[in-house]
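Please read them alongside the coordinates.

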Amino acid sequence: MNKALRWLLYGHSMERAGFYVVLDLIGLYANEKLGWSTSQASFLGGLIGGIAYVGPLFGGVISDRIGRNIALLAGALALFVSYVSLSVGAPLFLMAMCLAIGNGLYKPSVTAACGSLSEPSQRQTSFYNFYIATNVGALAAPVIGEIVRLYVGWSLTFGISAACVGITTLIARSDVMQTALRK
């Protein structure tokens, strides 16, 4: 596995951890912190989860038009804004819009980047590692998110998500990644 692909996988795992902290806890946040009813909060969590699956269909088309690098960075930036807005108590509507846009742009772009950074003979192994990175981030998220929420509070919980996607953005902007993705 080449260096750029390894860094992409680290960054992707971090981004997925940040994403799943928010996805796993947004309903509880709406219920506990904002006073929404259980049914309203559950609907919000389901709606955001649904948008997370449908958004990349549109994001992939946009990514093809504007370029994978731009879409990946724009998606990561929108996710960052989404998580920061949650950590400072901004309206959930702003967070949901930024989350939908960010995830929609980020997911297909990072998947395409994984494919382009792989040697043709190693592409299957690269995608296997990509999905492991996704699942490592998704597995760590609820544990980390709930511990931080319980002992420190909501702001830092969502701040950690912002830090995770911030690290992902720094990795994506690194010289190693930018050089490899231009090829």
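1. Contact here means heavy atoms within 4.5 Å. The model is a predicted one. Not counting residues up to four places away in sequence, Arg149 touches Leu28, Glu32, Trp154 and Thr157.

2. Arg149 sits in helix α5. Its relative accessible area is 13%, and buried means under 20%, so Arg149 counts as buried. The side chain of Arg149 also makes a polar contact, at 2.6 Å, with the side chain of Glu146.

3. The largest nonpolar core holds 42 residues, of which Leu8, Phe19, Ile26, Tyr83, Leu86, Leu92 and Met95 touch the most other members. At least two residues of this core come from each of α1 (3-32), α2 (38-66), α3 (68-87), α4 (92-117), α5 (123-151), α6 (154-173) and α7 (175-182). The most is given by α1, with 13 residues. In soluble globular proteins, nonpolar side chains tend to be buried together.

4. For Leu8, leaving aside its neighbours within four places in sequence, the contacts are Val110, Ala113, Cys114, Leu117 and Met177.

5. Of the 30 residues in α1, 21 are buried, so this helix is largely enclosed by the rest of the structure. From first C-alpha to last, α1 reaches 43 Å, close to the 44 Å expected at 1.5 Å a residue.

6. The N-terminal end of α1 is capped by Asn2, where a side-chain oxygen lies 3.2 Å from the backbone nitrogen of Ala4.

Technical notes. Residues are numbered from 1 along each chain as its sequence is written. This is a predicted model: local features need pLDDT of at least 70, side-chain atom pairs count only at pLDDT 80 or more; totals for chains, interfaces and linings use all residues. Side-chain values use heavy atoms; hydrogens and water are left out. A nonpolar core is a set of buried Ala, Val, Leu, Ile, Met, Phe, Trp, Tyr and Cys residues joined through side-chain atoms within 4.5 Å. Buried means under 20% relative accessible area, exposed over 50%, partly exposed in between (1.4 Å probe, protein chains only). Helices (H or I, at least four residues) and strands (E, at least two) are DSSP runs, numbered from the N terminus. The expected span of a helix is 1.5 Å times one less than its number of residues. A polar contact is a pair of N or O atoms within 3.5 Å; within protein, one must be able to donate a hydrogen and the other to accept it, and residues adjacent in sequence count only if both atoms are side-chain atoms.
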